[in-house]
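Please read the sequence and the structure side by side while following this report.

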Amino acid sequence: MGLHIQHLLGLEGVSKEDLTLILDTADSFYQVLERDIPVVPTLRGKTIVNLFYENSTRTRISFELAEKRLSASPLNFSVSTSSINKGESLRDTIQNIEAMKIDMVVVRHGSAGVPYFLTKCTDAVIVNAGDGLHEHPTQALLDMMTIRRKFGKLEGLKVAIIGDIFHSRVARSNAWGMTTMGMNVVLCGPPTLLPQHLDSLGVTITDNLDEALDGADVVMLLRIQLERQSSGVFPSIREYRDRYGIDIEKMAYLRPDVMIMHPGPVNRGIEMSSDVADGPNSVILKQVTNGVAVRMAALYLLGGGESV
Amino acid sequence: MKLLSIKIKRLHLGSCANGFSKTILILMKKVELLMDSKSLDLALTRITHQILERNRDFTRFGIVGMQTRGVFLARRIASKINDMAQTGIVAGTLDATLYRDDYRIALKQPTVKITDIPFDINEMNIVLVDDVLYTGRTVRAALDALMDYGRPKTIQLAVLIDRGNRELPIRADYVGKKITTLVNQVVSLKVHEIDNEDSMWLMELEDGE
């Protein structure tokens with residue numbers, strides 16, 4: 001049966017059934033990607049606009065590849081060459097693009113709530129590819145897919161998400177999705193980067209790394225945005241690395257089959273040392289592969305049918 | 001009206017204002033028992049004999065069942081062939097959902113099930129197995145899906161029941177039973193592997209919804 005949601009704006013409020021359906025469908029698309037001909041004709045004739053107001057390599061390429069694997073026609077919109085520079089408003093931009101007959105919009109924007117706003121000014125299906133400090137739902141879905149493919153389940157697993165929680169939409173989407181799926185989520189980072197209100201999600205919050213890592217099945221490290229270092233949220237990169245970075249010595253305290261994740265791009269030598277990033281526990285590149293399958297699943301499940 | 005039994009079918013009807021889809025129930029009533037477990041087994045045995053007659057070289061031979069019930073029929077035919085011809089054929093499974101032509105008009109998307117073809121289909125003689133042959137659209141989708149796995153030498157089609165009303169120029173090579181039906185009727189197969197019984201019923205929409 002189909003999804004209950006019409007747009008993918010975030011994982012907040014998305015039911016366990018919907019999340020499970022997307023993850024199950026993603027497993028089927030993973031098989032498609034492993035074939036000699038990794039293309040299916042399902043979205044033939046559908047036009048999908050990739051509207052990226054913020055820089056992105058991984059997510060934009062992953063969406064574009066997912067669209068091409070489904071035989072849709074992707075249309076890439078980049079801010080630097082557009083009329084945004086002439087002062088065109090978001091609403092005008094989207095209504096002009098829609099006038100050219102499009103079916104779906106994948107949007108990334110620096111402001112939270114832009115994907116929701118777009119649902120109010122167009123009939124197209126909206127998929128959030130990251131909005132401000134709000135959510136990045138497909139990243140959280142690919143994280144859950146990667147965990148589920150290894151452990152065979154999500155329920156009851158402990159995941160420690162470590163780093164700049166405050167600025168991380170990945171952490172927020174994962175907190176919503178993973179708690180819905182019955183995982184134990186621990187958010188950990190320097191106190192200045194750890195919003196206390198998040199404990200209302202049913203997650204544990206701590207600035208103590210040992211406590212976060214204790215018994216963890218999955219450790220997810222977030223990128224420290226180096227440009228924020230100057231704003232004084234932590235004393236120095238070096239201190240951050242010593243207190244919250246994962247290196248081979250800290251790995252010794254973790255269970256031998258712990259899964260190490262990172263949404264990328266990795267600051268090698270800060271969040272994790274290179275021998276951890278490239279080590280046998282790291283699934284960073286698997287996350288990227290699964291990202292295409294999960295985005296195909298979301299586009300397939302949201303895209304079909306007539307608008308009602 | 002006296003009901004022999006009631007089948008409940010769920011249909012998603014788009015979305016309501018709150019963004020959540022609405023589910024309605026459609027009642028189906030049984031009209032006629034087309035096959036019981038004995039006649040179903042006999043039909044599969046006859047199909048197996050016909051497959052053996054036409055295919056001599058089982059080194060380049062494969063069986064693929066279509067999701068969902070065709071998978072179990074394919075496994076049963078494979079084990080009958082293995083018994084009769086002392087071969088070791090394993091049946092593959094195929095889900096053609098992604099190749100269907102009704103993506104644009106379906107209100108909600110059907111679940112994509114597992115495709116698992118554990119052999120290289122290039123230069124093979126493939127028997128595709130499905131439960132019901134009706135419009136031919138599912139078979140059309142399956143042929144396209146199969147071609148994306150390679151280039152088989154031949155593809156033959158085996159169906160347990162051919163209910164007519166074709167919309168595409170497609171025919172089956174092996175047919176268990178041929179009947180004429182109306183468009184408001186449904187042929188429903190049950191297999192003991194997942195339904196705890198072997199039977200095939202002709203059903204029809206309940207009047208006076």
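## A glycine in a loop

In this predicted model, A:Gly182 counts as exposed because 12 C-beta neighbours lie inside 10 Å, and a residue is classed as exposed when that number is 12 or fewer. A:Gly182 is found in the loop that links H6 and S6 of chain A. Once its neighbours within four places in sequence are left aside, A:Gly182 is in contact with A:Leu154, A:Glu155 and A:Gly156. A:Ser200, which is 18 residues away from A:Gly182 along the chain, has its C-alpha atom 15 Å from that of the glycine.

## The five-stranded sheet of chain A

Helix H6 of chain A, residues 169–180, lies across S5 and strand S6 (184–188), and its direction makes about 160° with that of S6(A). Both of these strands belong to an open sheet of 5 strands with parallel pairing, in which the order is S7-S6-S5-S8-S9 (chain A). Strand S7 (204–206) and strand S9 (259–261) of chain A have a single partner strand each, so they stand at the edges with one side left without a neighbour in the sheet. From one strand to the next, the twist of this sheet averages 20°.

Within the sheet, strand S5 (residues 158–162) and strand S8 (residues 218–221) of chain A are joined in the parallel sense over 4 bridges. One of the residue pairs can be named: A:Ala160 has A:Val219 in S8(A) as its bridge partner.

## The four-stranded sheet of chain A

A second open sheet in chain A has 4 strands in the order S2-S1-S3-S4, again with parallel pairing. Its edges are strand S2 (73–78) and S4 of chain A, each of which has a single partner strand, so that one side of each is left without a neighbour in the sheet. The twist here averages 15° from one strand to the next. Strand S1 (residues 47–52) of chain A runs parallel to S3(A) and is joined to it by 5 bridges, and 5 bridges also join S3(A) to S4(A), again in parallel.

How many residues of strand S3 (residues 104–109) of chain A are buried? The count is 6 of its 6 residues. In a regular strand the side chains alternate between the two faces of the sheet. In S3(A), A:Met104, A:Val106 and A:Arg108 point one way, whereas A:Val105, A:Val107 and A:His109 point the other way, and all of them are buried.

## Two domains in chain A

The domain assignment divides chain A into domain 1, which covers 16–134 + 289–303, and domain 2, which covers 137–287. Taken over C-alpha atoms, the centres of domain 1 and domain 2 of chain A are separated by 26 Å. Across the boundary, 17 residues of domain 1 of chain A are in contact with 18 residues of domain 2 of chain A.

On the domain 1 side of this contact, helix H1 (16–33), strand S4 (125–131) and helix H11 (284–303) of chain A each supply at least two residues. The largest share, 6 residues, comes from H11(A). By residue class, the domain 1 side that touches domain 2 of chain A divides into 8 nonpolar, 6 polar and 3 charged residues.

The secondary structure of chain A comes to 11 helices and 9 strands. A compact globule of 308 residues would have a radius of gyration near 19 Å, and chain A, with 19 Å, agrees with that expectation. Along the principal axes, the C-alpha atoms of chain A fill a box of roughly 55 × 45 × 35 Å. Of its 308 residues, 45% count as buried, and among contacts in chain A between residues at least 6 apart in sequence, 73% join residues at least 24 apart.

Chain B has 4 helices and 9 strands, and from the N terminus on its elements follow the order β-β-α-β-α-β-β-α-β-β-β-α-β. Of the 209 residues of chain B, 37% count as buried. Among contacts in chain B with a separation of 6 or more, residues 24 or more positions apart account for 66%.

Notes
Residues numbered from 1 in each chain as written. Chains lettered and ligands numbered in written order. Predicted model: local features only at pLDDT ≥ 70, side-chain atom pairs only at ≥ 80, totals over all residues. Domains from an automatic or database assignment. Contact = placed C-beta atoms within 7 Å. Nonpolar A, V, L, I, M, F, W, Y, C, P; charged D, E, K, R; others polar. Pairing = 2+ DSSP bridges. Axes fitted to C-alpha atoms, helices over the stretch in contact; angles between N-to-C directions. Rg over C-alpha atoms; globule rule 2.2 N^0.38 Å. Buried ≥ 20, exposed ≤ 12 C-beta atoms within 10 Å, placed from the backbone.
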